[in-house]
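Subject: Structure handover

Hello,

Please find the structure below. My notes on it follow.

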Amino acid sequence: MGGDGFDQAVLLVVLALRFGIPLLIPRFPLPAIVACLVIDAADQTIFQQLTDLNLDGYQNYDKALDIFYLTVAFLAVYRNWTNTTAINVARFLWYYRLIGVWLFEVFQERWLLFVFPNTFEYFFIAYVAIETQWDPRRLTRNAVVGLAAFIWIVIKLPQEWWIHIAQNDFTDFMKVDIFGTTPTTSWADAITNRPVVSIALVLAIAGVAALAMWALRRAPAKDWSFRVDVDTPTPTVDLPDRAQAPLWLAPPFAEKLLLVGLLAAIFTSVLNLDTPVLRIVIGTSLIIIATVGVSTLLARRSITSTALQFVVLAAVNSALIATYAALLGATLNRGLALFFGLLLTMVIVLYDRYLSERIAQPTNA
């Protein structure tokens, strides 16, 4: 174990990765969101193995950063996706889950996370996986809805039940119930404890891989070579004459208020503030109004740099959050509030940029 300086360095590196890697999702959606999943799963182990940090305070950052990378993924839908049915479905899945998370933070009832499963994340991964080699516009409405329903019912509901209702730990389950050891047993000893089970698991994995290869061979001809950079030019694809579903977009201010308001409500709950909903709405509205004013001012001066817009808005929103909290007399961790304010600012900047690009497209598709 390292000293305090080393522990803090590890913490800062992990936080930097968890904040920085999601920003790669808009351009490299598949590898970036998989990396976010891996880091999210591994960060606690990293801290436990390498540091002596008290992780109680980290839980606040952990919850916020989980929501942050999924929010960036949602905004990347506006930037990149071409199948309008998939965009509509993704928007529903995202806001449905976000409302569920907010309700959970309010009532602390774990069954709410089962009723409002995180189907959006796996639906996003499925879409961007298809996009690596095929034009997603090939997907019919029934195929898109069927894919979302399959993920929701077959994958996410059992997973959410396992985690939030049964409250089972996968590692403990595998070591105790499958390999017949104890939770503290090393993986090497657990695997060798029941070699027959280990062989069966290897065969099962091989079977799944073979099934995936069979499905790929039966898939339509690839439209382009494998790519993970969505900005890579692709050939023009002749598609069946199929009408695209209309893309429904709410008025930008209304959707921004909904999105940022829900995020602010969730972050406020994470901060353990007993704040009425009206105050959250007022605070969120002030942030959005300030954002619109600053963005308009920058546009009039022909300043279009996203980085500069973020820096200016971060300064304005940080001052606004501090002032609003002081006026309310709220006692809060100002460092944590500033951190959450920076997350909200980044969300607003990306939302404004990607939605404006979407609206500017001739067909909104």
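In which helix of the protein chain is confidence lowest, and in which is it highest? The lowest mean is 74, in helix α12 (residues 277-300), and the highest is 96, in helix α6 (residues 119-131). Confidence here is pLDDT, the predictor's score for each residue, from 0 to 100. Over the protein chain the average pLDDT is 83, and 90% of the residues score at least 70.

Conventions: this is a predicted model, in which local features need pLDDT of at least 70 and side-chain atom pairs count only at pLDDT 80 or more, while totals for chains, interfaces and linings use all residues. Residues are numbered from 1 along each chain as its sequence is written, and side-chain values use heavy atoms, with hydrogens and water left out.

Overall content

The protein chain has 14 helices and 0 strands. Helices (H or I, at least four residues) and strands (E, at least two) are DSSP runs, numbered from the N terminus. Of the 365 residues in the protein chain, 41% are buried. Buried means under 20% relative accessible area, exposed over 50%, and partly exposed in between, with a 1.4 Å probe and protein chains only. Taking contacts between residues at least 6 apart in sequence, 75% join residues at least 24 apart; a contact means heavy atoms within 4.5 Å.

The core

The largest nonpolar core contains 77 residues. Such a core is a set of buried Ala, Val, Leu, Ile, Met, Phe, Trp, Tyr and Cys residues joined through side-chain atoms within 4.5 Å. The residues with the most contacts inside it are Ile-25, Trp-81, Phe-120, Phe-123, Phe-124 and Leu-259. Helix α3 gives the most to this core, with 14 residues. Not counting residues up to four places away in sequence, Ile-25 touches Ala-32, Ile-33, Cys-36, Tyr-69, Val-72, Ala-73, Ala-76 and Phe-124.

Helices α2 and α3

The axes of α2 (residues 29-50) and α3 (residues 58-80) come within 10 Å and cross at roughly 175°. Axes are lines fitted to C-alpha atoms, for helices over the stretch in contact, and angles run from 0 to 180 degrees between N-to-C directions. The two helices, α2 and α3, are therefore roughly antiparallel to each other. Angles under 35 degrees count as roughly parallel, over 145 as roughly antiparallel, 65 to 115 as roughly perpendicular and the rest as oblique. On the α2 side the contact involves Ile-33, Cys-36, Leu-37, Asp-40, Asp-43, Gln-44 and Phe-47; these meet Tyr-58, Gln-59, Asp-62, Asp-66, Tyr-69 and Ala-73 in α3. The residues of this contact divide into 7 nonpolar, 2 polar and 4 charged. In that count Ala, Val, Leu, Ile, Met, Phe, Trp, Tyr, Cys and Pro are nonpolar, Asp, Glu, Lys and Arg charged, and the others, Gly among them, polar.

Individual residues

Gln-108 lies in the loop between α4 (84-107) and α5 (111-115). Gln-108 has a positive phi of about 55° although it is not a glycine. Most residues other than glycine have a negative phi. At 47% relative accessibility, Gln-108 is partly exposed.

Met-174, in helix α8 (residues 170-178), is buried at a relative accessible area of 13%. Beyond its neighbours within four places in sequence, Met-174 contacts Phe-179, Trp-187 and Leu-201.

Leu-286 sits in helix α12 and is partly exposed at 36% relative accessibility. With neighbours within four places in sequence set aside, Leu-286 is in contact with Leu-320 and Tyr-324. The C-alpha atoms of Leu-286 and Leu-320 are separated by 8.1 Å, with the two residues 34 apart along the chain.

Regards
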